[in-house]
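Welcome! Take a moment to look over the sequence and the model, and then follow the tour below, one topic at a time.

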Amino acid sequence: MNWWQSKKRDEDLERELRSDLELEEEEQREGGVSADEAPHAALRAFGNPTLVREQTLAVWSWNSLESLARDLRFSLRTLWRSPGFTVIAVVVMALGIGANVALFTVVRGVLLKPLPFHDPDRLVMLYEAGLHEDGTPSFNPVSGGMYAEWKEQNRSYSSLALAKEIRVGLSGSGGQLPEKLNSALISWDLLRTLGVQPALGRDFAPSDDNPAANGTVLLSWGLWKRRFGGDPGILNTAIDLDAMRYTVIGVMPQWFDFPDPSTQLWTPVYHDKPEETMTSYSNHLFRVVGRLKPGVSASQGAADMKLISRRIHNAHLDNPFVFRSANSRPLLDHIVGDFKKPLYVLLEATSCLLLIACLNVANLLVARAEARRNELAIRTALGGGWLRLMRERMIECLVLSAGGGAVGLLLAFAVLAWLTHTRHDLSRVESIHIDGAVDAFTVGVIVMCALFSGLIGAFSTSDKRILSALHEGSRSVAGASSRAMLRKVLLTVEVGLTVILLIGAGLLLKSYERLRSADMGCITQNVITMHLGIPDARYSTPASRANFYDTLLQRVRALRGVDAAGFASVVPGQGQATDWAVTVLEHPPLPPGNGMSVLGRWADSKYFGAMGIPIVEGRTFDASKRLGAANEVVISESFRKRYFPGEDPLDKHLRVRGRDAVIVGIVGDTRYEIGEAPEPVQYLPLAAGVETVGTLVIRSSHDPEQFALPVQRIVSEMDPDLPVSDILTMNQLLGKSTLDQSFNTTLLVAFATLSLILAVVGLFGVMSYVAAQRTNEIGIRIALGAKREHVMRKMLLDGMWPAVVGLLVGLAASLEAGRLMRDLLYEIKPLDPEVFAAVAATLLAAAVFACIVPAWRASRLDPMQALRAE
Amino acid sequence: MAKQTQRAGLLQGTLDMLILRTLLYGPAHGHQIGKHIQRTTNEFLQMQHGSLYPALHRLERKGWVVSKWETAPDGNREFKYYRLTEKGRKQLLAEESHWKKMAEAVARVMWPAAEES
């Protein structure tokens, strides 16, 4: 029905009723009623004209949206009249909905959306496995030799491709500085395997991917835009990478970020890597992507690889580093594996938050229904149907949660913008955006919230109670307490959920603190690190390399304010990086098929001093022994513990990296990654002139960051084409590797704080309400001589019990929640008593804080005033 | 008070029949219809406007009556007059026979002796 039609009908009906009413009035007068009385008598006989009108109109519009629209207008009006309530409810809902929508968007973008490749379900990541047969599935990088065997012998994959992340130096050109870039070595068929085409130019061909070919490179869209101004003329021109010529053959699409979001260049692996690396079975370097043939299942494919690996292993029993098995998992799992668990934990936390928000709004609604009891009662008495009133309240809830949802969506937008800005490391961060599915999710959440909070509110008042409200008048003591009961139960649930969130946050916080305070085994304050690498092409002899680092370190140490400086291929906190096979010459040979593989680093003689790694026994390298004569090795404490139990390792000999070296010193343990236990490490002298890439460390007692510029100047004076990158203090370097933990912790702490505030506000509200309801009773008690302290204690205890019960329930539930988070914790148990105690104390303190003001107010009551008030 | 206790609750649908039957005498406006039913039943059926007007509009919606604003015979006022349609007449017949059967059935149960004699 159109509104103008309905308007006409309304006017028509009003006229009809008026004329009939006038007639009735006339008849009443004729019947002997006085002129003054007649209108009233007519009304009495006629009934309530407004109600008649409503009911008659309802005949015309019983299934139409019109009545809905009317209810909507009505609820908007009522909400408008109580802005305080409305704002609070909308804000609470917005926080809950916003957090959920944002996190759902992330989860959807990162975990649920299929990868943007052709037929992504058929793509798997393959790994070597089973060097140590301890049963747990291991996901190790694959050696070039094994890859070649897999590729040739398998019958399960339509294609297999290689990828390896590396860093290369892009030479300065056209006035631009040289820079260090994340790059990927890939086999020529990687893009074909993924089903991706360059946006510009051509893909690699088999002829590009061999040592004899000319160098070719694909650029990322971002690099092309930034460094080359998005000029299509870049195609077929040459750029220098690590002092080698590469022809640009194409530019990848903007969204393409395999194998890593920071990858900026792709070069063919067989061209770049020496043949011995590509045919080795023991140098495990690569990621292997496979596309399953149609009809072949993932497990069939993996079984095929396992068989081949076992065969190769058996054929090379003399080489202890040939893995004996293989593993596979979906490509998506490989890419998002690290983020899955934390994201789901955070999603659960936000659901908790949403539930708390709903409970809070339900609580407010119950309170509001109490305040509106008289209005509702009168409306019921005038013929307002129960269903009608119910519907009105549901619509009110819907309006509230829709408002909350709208604000929440804005909130989610802001949060996502911030997130994508700060978390570049998050895989697939580019696929996070609000789309139709997220909108549908938002609408679903809004409706759910409205139903949930609305129904709880609605069930708190039945029509019978509404009718009795008028009888009860304002002297209601017993009735009110039973309604307060419902609110207390809601509060108990809310407190329970809050406790779970608090405990989760507490566990992460403590774990994060442990993590940050973990002893790295070296100095982390006042140390700055810089990444540096000299290209093989220009520094081809050991002497040139050793000289470069000698000169560099000499000049850096000469800078004013530098306390110490050193150089190592890998410093603590940079990951496992490389490990080297090693044998102890003095030990009997290991049984065939067994070997030692230990983390290996190149370091200069003053590196240990600069990093504060203690020399436990013996000495550091002899700086005068250079190049071929540098035949010394330093091992770490845990190296000694593991491989020289009960013997003195000094002056024993190691065969490592093709040279026999004598152990001259034992240094303290360091951690290759924060949060991981120290592993054995062996150090070889940088002066041998083998290593080209590594990290310069500088220690200074004040502000080591000031050396960033002078050092860069020194480097560019020595070699203008050499980029210095990743200039980080040691703390920043470690902070980078704990970014994930700090992120999760921050979020969860924020959620927990929010829910604590909501719970406290809820508690305060209920307590104030209960106190107000009992003003009369308390007044009588005080008048009869009750001590004020007793009144206060009683009120306080009354308010505390939902908090205490909620706390107990929450603690019990946290046992389970903690178990869920076990993987995210570092060096603490999910049942950490300290965290549990702290949470219990915080919660009780907050509850006392929320209850004390109403209780105090109640105990200060002036009995005379209290009694007069009613 | 006494009147109120005697006020009979009309069976669902009965009011419609009474209105249609009243309109058989000719067009009438709401007030007249209400008064007529009240008077004819010796005030036993107190017409509640709360149900009369919705019923009238329901009948109009179903097409059993039509309405029109017309000047009253006394000539100085307009009333909304309802008039029975052909469809309404048929409906009245159907309801009447249904009601008759119903009344007989009820009577047979309530006063079986009277039936036998």
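Let's begin with strand β10 of chain A (residues 284-292), which is mostly covered, as 8 of its 9 residues are buried. Keep in mind as you read that this is a predicted model. From this strand we move on to the chains, their contact, a pair of helices and some backbone details.

**The partners of β10 in chain A**

- Strand β1(A), residues 123-129, runs antiparallel to β10(A), and 4 bridges join the two. In β10(A), A:Val288 has A:Leu126 standing opposite.
- Strand β2(A), residues 142-143, also pairs with β10(A) in the antiparallel sense, over 2 bridges. Here you can find A:Ser143 opposite A:His284 of β10(A).
- Strand β3(A), residues 157-170, pairs with β10(A) over 6 bridges, in the antiparallel sense. Look for A:Ser159, which stands opposite A:Arg291 in β10(A).

**The two chains**

- Chain A contains 27 helices and 22 strands. It has 870 residues, of which 41% count as buried.
- Take the contacts in chain A between residues at least 6 apart in sequence: 83% of them join residues at least 24 apart.
- Chain B has 6 helices and 3 strands. If you read along its sequence, the pattern is α-α-β-α-α-β-β-α-α.
- In chain B, 26% of the 117 residues are buried. Among contacts in chain B between residues at least 6 apart in sequence, 51% join residues at least 24 apart.

**Where the chains touch**

- How many residues does each chain bring to the contact? Chain A brings 13 residues and chain B brings 15 residues.
- On the side of chain A that touches chain B, the elements giving two or more residues are α1(A), residues 3-30, and α3(A), residues 49-60. The most comes from α3(A), with 6 residues.
- This side of chain A divides into 6 nonpolar, 4 polar and 3 charged residues.

**Two helices packing in chain B**

- Helix α2(B), residues 14-23, packs against helix α5(B), residues 86-110, at an angle of about 125 degrees, and their axes are 10 Å apart. Because of that angle, α2(B) is oblique to α5(B).
- The crossing in which α2(B) passes α5(B) is left-handed.
- From α2(B), the residues B:Met17, B:Leu20 and B:Arg21 meet a group in α5(B) that includes B:Gly88, B:Leu92 and B:Trp99. The residues of this contact divide into 4 nonpolar, 2 polar and 3 charged.

**Backbone details worth a look**

- As background, most peptide bonds are trans, and most residues other than glycine have a negative phi.
- The peptide bond joining A:Phe258 and A:Pro259 is cis, with omega about 5 degrees. You will find A:Pro259 in the loop between β8(A), residues 244-251, and β9(A), residues 265-268.
- A:Leu627 has a positive phi, near 50 degrees, in a residue other than glycine. Its place is the loop between β16(A), residues 615-618, and β17(A), residues 632-636. With 16 other C-beta atoms within 10 Å, A:Leu627 is partly exposed.
- A:Asp703, another residue other than glycine, has a positive phi near 45 degrees. It sits in the loop between β21(A), residues 693-699, and α21(A), residues 708-718.
- Why does A:Asp703 count as exposed? It has 11 other C-beta atoms within 10 Å, and a residue is exposed if that count is 12 or fewer.

Terms used: Residues are numbered from 1 along each chain as its sequence is written. Chains are lettered from A and ligands numbered from 1 in the order in which they are written. This is a predicted model: local features need pLDDT of at least 70, side-chain atom pairs count only at pLDDT 80 or more; totals for chains, interfaces and linings use all residues. Axes are lines fitted to C-alpha atoms, for helices over the stretch in contact, and angles run from 0 to 180 degrees between N-to-C directions. Angles under 35 degrees count as roughly parallel, over 145 as roughly antiparallel, 65 to 115 as roughly perpendicular and the rest as oblique. A crossing is left-handed if the near helix is turned anticlockwise from the far one by less than a right angle, and right-handed if clockwise. Two residues are in contact if their C-beta atoms, placed from the backbone, lie within 7 Å. Ala, Val, Leu, Ile, Met, Phe, Trp, Tyr, Cys and Pro count as nonpolar, Asp, Glu, Lys and Arg as charged, and the others, Gly among them, as polar. A residue is buried if 20 or more other C-beta atoms lie within 10 Å of its own, exposed if 12 or fewer, and partly exposed in between; C-beta atoms are placed from the backbone. Two strands pair if DSSP finds at least two bridges between them.
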